[in-house]
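Student: I would like a close look at a single part of this protein. Please take me through it step by step.

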Amino acid sequence: MELRQLTYFVAVAEELHFGRAAERLHIAGPSLSQQIINLERELGTRLLIRDRRHVELTPAGNEFLADAREVLAAAARAFDRARNGDRQLPLRLGYVSWLPPGIATMPNLRIRIDEWVLPSHTQAARVAEGSLDLAIAWIEEADVVRQGLAAELLKYERLQAVMPGTHHAARHDSVPAAGLTVLVDVDEASWDSWNRYALAFAQASGASVTHIDDGGITGPAFFEHVARLRRPVLQSPKRHAAPMPPTLTRRPVTSPVPLWAWDLLHRADDMRPMVTSAIRTLIDGASAAGWRIPPTETHWPLTGGKQG
């Protein structure tokens with residue numbers, strides 16, 4: 001068994017999609033599939049159940065995933081120790097789609113940005129298990145407690161609506177939340193955090209819900225859904241390089257303003273001075289930039305104690 005095979009398996013297990021995992025790993029899909037088959041043959045057990053539209057972990061696959069992550073994290077630490085000698089290792093920071101500008105050059109902040117851009121719930125789990133020291137992600141309070149984490153607000157992001165330019169709402173400066181549609185994807189492995197947020201927002205604001213099964217929460221497929229629905233659709237905070245078609249337009253959302261909170265996650269019992277210093281540096285930078293201040297307009301969710 002090779003570390004490369006473990007890396008391939010973890011990518012497929014986290015994406016639950018061979019195509020996305022192959023893109024993430026920069027290898028051909030057939031080669032990835034063959035490597036997983038070889039790994040299962042070597043282990044003598046099935047790790048994944050897969051067909052043309054569906055991939056899921058077997059019970060053995062779930063157990064092996066935790067072990068594989070632990071082995072890869074240990075290998076990464078060993079590599080860093082060998083490369084850095086006696087110097088203190090940088091903290092490992094994961095993220096979803098937003099990072100503070102210039103984070104890599106912030107003074108007194110020694111971090112290594114993790115290259116795996118994964119969903120919020122996955123990044124939170126990686127912090128809890130120790131394969132990351134910090135992560136910038138969205139999380140609910142119940143999950144903070146359940147996973148033994150601490151969450152410090154870094155930024156409130158206002159989500160916007162995308163609609164056809166011919167829609168009557170496009171003639172106005174903003175769109176009321178009750179006039180929106182939110183998309184909820186069947187693929188919970190990739191979109192669990194967004195689905196939870198979208199459903200709660202729809203219940204609170206009166207927005208309608210449309211269920212999809214093609215990963216169209218972002219990217220070209222999202223724009224295709226907007227064109228097909230022919231109405232304003234709430235855009236997720238997940239960044240994508242695909243440009244918006246010229247036939248579509250964006251507008252702010254009001255009554256209430258949908259806020260997505262980017263939290264800095266760390267283990268609640270991690271009291272290392274290096275971690276404490278990094279948290280303070282990032283929070284101070286976010287406060288100075290005004291990212292932690294909620295809007296004065298009616299917004300959702302209520303920010304409570306999460307204010308700058």
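**A close look at E188 and its surroundings**

Tutor: Leaving aside residues up to four places away in sequence, E188 touches H121 and N195. Keep in mind that this model is predicted. E188 is found in helix α7. Its relative accessible area is 53%, so E188 counts as exposed, the cut-off being over 50%. Now compare sequence and space. E188 and L16 are 172 residues apart in sequence. In space, their C-alpha atoms are 9.7 Å apart.

Next, the helix pair. H121, a contact of E188, belongs to α5. Helix α5 covers residues 120-129. The axes of α5 and α7 are 7 Å apart, and the two helices pack at an angle of about 100°. That angle falls between 65 and 115 degrees, so α5 is roughly perpendicular to α7. Which residues of α5 and α7 meet? From α5 come S120, H121 and T122. From α7 come E188, A189, S190, W191, D192 and S193. By class, this contact of α5 with α7 has two nonpolar, five polar and two charged residues.

Along with α2, α8 and β13, α7 supplies at least two residues of the pocket's lining. In residue numbers, α7 is 188-205, α2 is 18-25, α8 is 219-229 and β13 is 257-267. The largest pocket has a volume of about 790 Å³. Its lining holds 31 residues. Nearest the pocket's centre lie E15, R20, W191, T218 and K238. W191 is also one of the α7 residues that meet α5. How does the lining divide by class? Twelve residues are nonpolar, eleven are polar and eight are charged.

Now follow α2, another contributor to that lining. The axes of α2 and α3 come within 9 Å and cross at roughly 105°. Again the angle lies in the range 65 to 115 degrees, so α2 and α3 are roughly perpendicular to each other. F18, A21, A22 and L25 are the α2 residues in this contact. They meet G29, L32, S33 and I36 of α3. The contact of α2 with α3 has six nonpolar residues, two polar ones and no charged ones.

Finish in α3, which spans residues 29-43. E42 lies in this helix. E42 has a relative accessible area of 45%, so E42 is partly exposed, between the cut-offs of 20% and 50%. E42 and A11 are 31 residues apart in sequence, and 18 Å apart in space, C-alpha to C-alpha.

Note on methods:
Residues are numbered from 1 along each chain as its sequence is written. This is a predicted model: local features need pLDDT of at least 70, side-chain atom pairs count only at pLDDT 80 or more; totals for chains, interfaces and linings use all residues. Side-chain values use heavy atoms; hydrogens and water are left out. On a 1 Å grid over the protein atoms alone, a cavity is a set of points where a 1.4 Å probe fits but cannot get out, and a pocket is an open set with protein on both sides within 12 Å along at least five of seven lines; lining residues have an atom within 4 Å of a point. Grid points are joined across faces, edges and corners, and a volume is the space filled by probe spheres set on the points. Helices (H or I, at least four residues) and strands (E, at least two) are DSSP runs, numbered from the N terminus. Ala, Val, Leu, Ile, Met, Phe, Trp, Tyr, Cys and Pro count as nonpolar, Asp, Glu, Lys and Arg as charged, and the others, Gly among them, as polar. Axes are lines fitted to C-alpha atoms, for helices over the stretch in contact, and angles run from 0 to 180 degrees between N-to-C directions. Angles under 35 degrees count as roughly parallel, over 145 as roughly antiparallel, 65 to 115 as roughly perpendicular and the rest as oblique. Contact means heavy atoms within 4.5 Å. Buried means under 20% relative accessible area, exposed over 50%, partly exposed in between (1.4 Å probe, protein chains only).
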